Amino acid sequence: MIFPLFALFASSLAFPTVKRCGAQTYEAEDAALSGTQVLTDLGGYSGSGYVGGFDQASDKITFSVDSSSEKLYDVTIRYATPYGEKTATLSLNGGTNSDIYLAATDSWKDVKAGQLLLNEGSNSIDIVSNWGWYLIDSLTLSETAAAPDHNINPTLVNPNANADAVALYDYLRSIYGKNILSGQQDLEWTEWLAQQTGKTPALVAVDLMDYSPSRVERQGQVATTVEDAITFSEKGGIVSVLWHWNAPAGLYDTSENPWWSGFYTRATSFNVATALADPNGNDYKLIIRDIDAIAKELLRLQDANVPVLWRPLHEAEGKWFWWGAQGPEPCKQLWELMYDRMTNHHGLNNLIWVWNSLAPEWYPDPDTVDILAADVYAQGNGPMSAEYNRLIELGNDQKLIAASEVGSAPDPDQLQAYQAHWLWFAVWTDGFINNADYNPPELLKQIYNDEYVLTLDEISGWRG
Ligand SMILES: [Ca+2]
């Protein structure tokens, strides 16, 4: 969404020019305010105050910034969130948006907010409400240093990884930083994409949700996504698998929270912490039952020579799924239990393990993780550099990094300009891939036909 209001702001204030190599701080209280106010109640701010009052969706701060040439800058925002964690939207020149996560803090704190590619001359940078109810003290820009070479682990974490998985991993390493794989959630959308763009994605993601035992109990064996994965693999495509794990038990099954929404925290009384705390208890046995049921499906893929980018327990840090509901410790324990059970008990050697939260306190044993991933639903087809850089830091740049779910397919020009080396993107289904607010049809076509973006026809031979 674009707010065409910049012309209304007089540029009479003397804003400093970003100096080469130096960091330059812009005080929020000196910027152009729209629906927001200068405040001074919370001490410790810089300059003469700070800005709050983000209570309407369009409320914002607009910083006017000059750059001596087109150049990439690191962005730092000084903020406070006295009402708990929030998300803000950062917008450049009325276009590219990114979501900035603001962790809870009563006092002023800096957050790295990714990068912005400024135009030569004047630029406008907006901080727009999003969740609202946060306070902004200042914005600091410093020229982005050239990124050092990646230092990606040469081997998978499973020493017994099979030839299919090793071939895929070697291929992924070979393209990392040079290209991005196009990807789509659910096989059925590949035909739609072929009609729209003339291309088929290189990667398809499927969900094992309907193989969850608590769903099979109610609806029988209706799932076909394993077959979808095999079909796509036989065409030469790359397969990613996630699992909306319907809770093993304790489904409320009300009209508000029906059994089929049982992966949500709000839809079940199943407590992952107490279940894991008692290895002799029934809930623990149900966890193992479910892992074994899903392992059986993944073994079918192994038997069909399909290596799998395996992404269970996704978005845990959001806590909206039951596996994240009790905080990081039980979730990490569950991840490591699943890794051990699937790898060492079931002999699943076709899996490449994809961890899908950004916060350091949620990161499980790095020896059980091959790839780091983020799910990003900001509009505007931006490079998602804030999330990318958080994952570089999380994995010490030793893990490949993927945009495992996105609303907007990223613009390859921006990916390259921002050095955001996402390995793949996978756009979510109905409501996103076919929604012009997220993916304008012309841009989607451009993205799918860009040289930087690999499609199915361009990846043949990845098995070596
Ligand atoms: Ca200030």
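Reply: Start with Thr 87, which stands opposite Tyr 101 in E8. Keep in mind that this is a predicted model: local features need pLDDT of at least 70, side-chain atom pairs count only at pLDDT 80 or more, and totals for chains, interfaces and linings use all residues. Residues are numbered from 1 along each chain as its sequence is written, and side-chain values use heavy atoms, with hydrogens and water left out.

Now the strands around that pair. Strand E7 spans residues 86–92 and pairs with E8 in the antiparallel sense, over 6 bridges. The strand and helix names follow DSSP runs (H or I of at least four residues for helices, E of at least two for strands), numbered from the N terminus, and two strands count as paired if DSSP finds at least two bridges between them. Strands of a sheet pair through backbone hydrogen bonds, either parallel or antiparallel.

Step back and you get an open sheet of 5 strands, ordered E2-E5-E10-E7-E8, with antiparallel pairing. Strand E2 (32–34) and strand E8 (97–102) stand at the edges with a single partner strand each, so one side of each has no neighbour in the sheet. On average, neighbouring strands here are turned by 25° against each other, direction ignored; the axes behind that angle are lines fitted to C-alpha atoms (for helices over the stretch in contact), and angles run from 0 to 180 degrees between N-to-C directions.

Asp 59 lies in the loop between strand E4 (50–52) and strand E5 (60–67). Asp 59 is buried, with a relative accessible area of 5%; buried means under 20%, exposed over 50% and partly exposed in between, with a 1.4 Å probe and protein chains only. Leaving aside neighbours within four places in sequence, the contacts of Asp 59 include Ser 34, Phe 54 and Ile 127, where contact means heavy atoms within 4.5 Å. Leu 276 is elsewhere: 217 residues along the chain from Asp 59, with 45 Å between their C-alpha atoms.

Another strand worth a look is E11 (residues 135–143). Of its 9 residues, 8 are buried, so E11 is largely enclosed by the rest of the structure. Strand E1 (residues 24–27) runs antiparallel to E11 and is joined to it by 4 bridges, with Ser 138 as the bridge partner of Glu 27. Strand E6 (residues 71–81) is antiparallel to E11 too, through 8 bridges; there Tyr 73 has Glu 143 as its bridge partner.

Finally, the whole chain. There are 10 helices and 21 strands. The radius of gyration is 23 Å, close to the 23 Å that the globule rule gives for 464 residues, so the chain is as compact as a globular protein of that length; the radius is taken over C-alpha atoms, and the rule is 2.2 Å times the number of residues to the power 0.38. Along the principal axes, the C-alpha atoms fill a box of roughly 70 × 45 × 40 Å. Of the 464 residues, 56% count as buried. Among contacts with a separation of 6 or more, 72% come from residues 24 or more positions apart.
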